[in-house]
Amino acid sequence: MSNGKDAPGTANSTQTSLRTCLEDCMEALDLFLNNHFNESLDKLQPRSKESMYHALIYATVLEMQAMMTFQHEDLVSAGNTMKSAQEVCQRFRKRSGSLASRAAGDELTEEELHAEACYAECLLQRAALTFLQDENMVSFIKGGIKVRNSYLIYKELHSFIRSHSSFKGPNHKHLEGGVAFGIGAFNLTLSLFPPRILKVLEFAGFSGDKEYGLSQLYEGATSHNLRSMLCALLLLCYYTFLCFILGTGEGDVADAEKLLKPFRLRYPHGAIFLFFAGRVEEIKGNVDEAVALFEDGCKAQQAWKQFHHMCYWELMWCFTFKRHWKMAYFYADLLSQESRWSKVMYVYMKAAYLSMLPEGEARPFGEDEVELFRQVPTFKQKIAGKSPPTEKFAIRKARRYRASNPVRLPVPVLEMMYMWNGFSMISKRPELTAGILETLLEAERTLQAAPDNEYTLDDSCLILLLKGLCLKNQGRMQPAEECFNKVYSSEKKLKFDHYLVPNSLLELGLLYVDTGRREQAIKLLQKAKNNYKEYSMESRTQFRIHAALSKLKADTSDQEEITVL
């Protein structure tokens, strides 16, 4: 890689130095994946001010830790460390001109190419932290600029390494892995965003190719390079979380299992991979197997409690699917005591689980759901002046308990389960769906027997929406369709839960997809997308609608209001 101007010894020593740094960082990542988190950081930290790879991986590990605590100060600290890493990478970059113009005179060294990839990755990760720290417009724009600058570097690098095969240095696989991660992450992430949100992010004109993004990440994950783990983790997050929370609930479990297999063999006690293996079993409806894996994930390490909290959250839902309300309450209680991610959500879920128990049954620790619901707003956190949407939703739902003689929420646990797309998780297990349906029918009977109040219609529509999902899981499409239509026809009468209408249209649209009525499905989905604004959890619903329309290869751009159903 010498340009003819350096003494051969200088070029060789640079290559050796780069190789040594990469090997050192690979060892640090190996420690990380074997649950030796602090040892991993101790190995990286001493050289984090002089080596671009030590700086990048040190900041990456801290960022992953911050994302798990989700504490504002941890996110800010991780952002500052990543900014310092970016400054270290900058020192190794060529000062001017595009890659193509610099390469014209064969002036680029291998180290400078690696510096470009590391610099772009720092920008990309700083953008992710910017979006997580704040939900205001300024942070979206700042993050958008970082992502765009990062993408332009990746795009240039991608073209460059494909057209300049003579530039393949001895550490080329790591460079290719870095570019695959950047190009893959960018394409996959952008493909998930509805156009309305892309405009806010200042990405007008950009679009992501999901399949290409997935193929690049898979390439990066399955070749032995420094970014293999990052590529694999992003793919696993996509297959086991994003497909459900921001999609239509059709995660590709087979792909996730195939990807996990070599990592599970290499790191049999690795907490990260035990967690994803648990999530795969949960998606398949194998709840008992999932519980065992999440429990193993907790036992595997004690250094980072944040991993335990991720497992507790999933265990809470596993017991929800089985209607073991007290066990689910136990994990919500643990989270409320130990995790700082969202006290509002944990206390709300504690109250919700207690409210599912029969009235005369003893409550654990002598707690009272009415009192807990009343406490929910006191735990509100504001990030840059705004509350997270899930917290706003929980606070709004708990509001009715402020009355001296409150009207109880009919099925608060199952309503929140819907928000996390839990009904698609139980679809493969008829006995789980049957159990949840039984709870809904019981709630419906209780509601019908009680005198009408201001919440009656909204509560009835909520039960109808959730009942429709259970009936659809059972293949009873006609009664499911009737449930969704009843919610839609109540649009003008709803007083509080306006989110039910666009979501019933979304679910009706997905039912039409399943029954081969493509054109009708597209009309319904576009109506749900364009005709409703400013309702609870809107962005999550918009992501799901976008995923459904993308799957149908339909137009996902914003249009004027659609009035035809």
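This is a dialogue on how to read several features of a predicted model.

Colleague: Which residues have a pLDDT under 50?

Modeller: Residues 1–12 stay under 50, and for them the model has 11 contacts beyond four places in sequence. Over residues 560–565 the pLDDT is also below 50, and that stretch has 14 contacts in the model beyond near neighbours in sequence.

Colleague: What does the secondary structure of the chain come to, and how much of the chain is buried?

Modeller: The secondary structure comes to 27 helices and 0 strands, and buried residues make up 58% of the 565 residues in the chain. The accessible surface comes to about 23600 Å², with 52% of this area belonging to carbon and sulfur atoms.

Colleague: What share of the contacts with a separation of 6 or more comes from residues 24 or more positions apart?

Modeller: Such residues account for 68% of those contacts. As one case to look up, the C-alpha atoms of Arg-19 and Pro-170 are separated by 8.0 Å, although these residues are 151 residues apart along the chain. Arg-19 itself is placed in helix H1 and, at 36% relative accessibility, counts as partly exposed.

Colleague: How should I read a pair of aromatic rings, and how many aromatic pairs does the structure hold?

Modeller: A pair of aromatic rings is described by the distance of the centres and the angle of the planes. The structure holds 26 aromatic pairs. One of them joins Tyr-348 and Phe-373, an edge-to-face pair with 5.5 Å from centre to centre and 70 degrees between the planes. This pair links distant parts of the chain, since Tyr-348 belongs to helix H17 (residues 343–355) and Phe-373 to helix H18 (residues 369–375), 25 residues apart.

Colleague: Is Tyr-348 buried or exposed?

Modeller: Tyr-348 has a relative accessible area of 0% and is therefore buried, the cut-off being under 20%. Phe-373, at 0% relative accessibility, counts as buried too. Phe-393 and Tyr-499 form another edge-to-face pair, with 5.5 Å between the centres and 85 degrees between the planes. Here Phe-393 lies in helix H19 (residues 389–398), while Tyr-499 lies in the loop between helix H24 (477–489) and helix H25 (500–514), 106 residues apart. Both Phe-393 and Tyr-499 are buried.

Colleague: Which residues form one aromatic cluster, and where does the charged end of Arg-540 sit?

Modeller: The cluster is made of Trp-313, Trp-317, Trp-341, Tyr-346 and Trp-420. The charged end of Arg-540 sits over the ring of Trp-420, at 4.4 Å from the centre of that ring. Elsewhere to look, Arg-544 lies over the face of Tyr-418, 5.7 Å from the ring centre.

Colleague: How do I read a salt bridge, and how many salt bridges are found in the whole structure?

Modeller: Side chains of opposite charge can pair when their charged atoms come close. A search of the whole structure finds 28 salt bridges. Among them, the side chains of Asp-30 and Arg-266 meet at 3.4 Å, N to O. Asp-30 lies in helix H1 (residues 8–33) and Arg-266 in helix H12 (residues 253–266), so this pair ties together parts that are 236 residues apart in sequence. Asp-30, at 26% relative accessibility, counts as partly exposed.

Colleague: Where does Lys-350 lie, and where does Glu-367 lie?

Modeller: Lys-350 is in helix H17, whereas Glu-367 is in the loop between H17 and H18, 17 residues apart. Their side chains meet in a salt bridge of 3.0 Å, N to O. Lys-350 counts as buried at 6% relative accessibility, whereas Glu-367 is partly exposed, with a relative accessible area of 21%.

Colleague: What does Lys-467 form a salt bridge with?

Modeller: The partner of Lys-467 is Glu-444, and the closest N and O atoms are 3.1 Å apart. Lys-467 lies in helix H23 (residues 456–473) and Glu-444 in helix H22 (residues 430–449), so the pair ties together parts that are 23 residues apart in sequence. Lys-467 counts as buried at 14% relative accessibility, and Glu-444 counts as buried at 16%. Finally, salt bridges that share partners join Arg-396, Lys-397, Glu-415 and Asp-497 into one network.

Definitions and conventions:
Residues are numbered from 1 along each chain as its sequence is written. This is a predicted model: local features need pLDDT of at least 70, side-chain atom pairs count only at pLDDT 80 or more; totals for chains, interfaces and linings use all residues. Side-chain values use heavy atoms; hydrogens and water are left out. Rings of Phe, Tyr and Trp (its six-membered ring) pair if their centres lie within 6.5 Å; planes under 30 degrees apart count as stacked, over 60 as edge-to-face and the rest as tilted. Helices (H or I, at least four residues) and strands (E, at least two) are DSSP runs, numbered from the N terminus. Buried means under 20% relative accessible area, exposed over 50%, partly exposed in between (1.4 Å probe, protein chains only). A charge sits over a ring if NZ of Lys or CZ of Arg is within 6 Å of the ring centre and within 35 degrees of the ring normal. pLDDT is the predictor's confidence in each residue, from 0 to 100. Contact means heavy atoms within 4.5 Å. Accessible areas come from the Shrake-Rupley method with a 1.4 Å probe; for residues, only the protein chains shown count as cover. A salt bridge is a side-chain nitrogen of Lys or Arg within 4 Å of a carboxyl oxygen of Asp or Glu.
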